[in-house]
Amino acid sequence: MKRALVVDDDEGIRKIIGYTLKCLGFDVEYAAHGQDAADKAATTVFMLITMDMKMPVLNGEQAISVIRANEAASNISPVACIIAISSDESSKSRMLEAGADIFVLKPFSIEQLVSVVNRKCKERE
């Protein structure tokens with residue numbers, strides 16, 4: 001089964017994204033901040049991670065950097081796709097430089113999320 005990790009400090013957004021990914025056939029786990037996401041990604045193989053930018057403990061940019069560094073330093077299978085999500089357009093280049101595969105600007109539609117997930121995951125299969 002395809003596994004996904006939804007990372008956002010807003011529970012409502014986690015639920016919406018999680019439900020959408022479940023409808024696309026993903027087994028979904030959740031994290032409320034970047035450190036929790038990095039810890040989960042160190043022990044579980046995820047095909048997809050959606051990552052909010054502004055969160056407590058570790059922000060999205062820091063969490064993506066940690067996840068990508070851990071992949072490079074170990075035998076962990078790389079995450080096929082990390083989707084960075086932010087309401088701040090100016091954070092796009094930082095998120096992509098940290099290792100995100102694509103950037104989605106908030107607010108976004110469910111249709112936009114589904115399109116991005118389908119396209120990016122098919123590219124990586």
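Author: Let's start with a cut-off: buried means under 20% relative accessible area, exposed means over 50%, and partly exposed sits in between. Keep in mind that this is a predicted model.

Reader: Okay, so why is Glu29 called partly exposed?

Author: Glu29 comes in at 21% relative accessibility. Buried would need under 20% and exposed over 50%, so the in-between label applies.

Reader: What makes Glu29 and Arg3 a salt bridge?

Author: Their closest N and O atoms are 2.2 Å apart. The cut-off asks for a Lys or Arg side-chain nitrogen within 4 Å of an Asp or Glu carboxyl oxygen, so the pair passes. Glu29 is in strand 2 and Arg3 in strand 1, so the contact ties together parts 26 residues apart in sequence. Arg3 and Glu29 also belong to a salt-bridge network that includes Asp27.

Reader: How do you know that Lys40 and Asp36 form a salt bridge?

Author: The closest N and O atoms there are 3.9 Å apart, and the limit is within 4 Å, so the pair counts. Both sit in helix 2, four residues apart, which means about one helical turn separates them.

Reader: And why is Arg68 called buried?

Author: Arg68 has a relative accessible area of 18%. Buried is under 20%, so Arg68 gets that label.

Reader: Which residue does the Arg68 side chain meet in a salt bridge?

Author: Asp101, at 2.8 Å from N to O. Arg68 lies in helix 3 and Asp101 in the loop between helix 4 and strand 5, so this pair ties together parts 33 residues apart in sequence.

Terms used. Residues numbered from 1 in each chain as written. Predicted model: local features only at pLDDT ≥ 70, side-chain atom pairs only at ≥ 80, totals over all residues. Heavy atoms only, no water. Helix = DSSP H or I, 4+ residues; strand = E, 2+ residues; numbered from the N terminus. Buried < 20%, exposed > 50% of the residue type's maximum accessible area, 1.4 Å probe, protein only.
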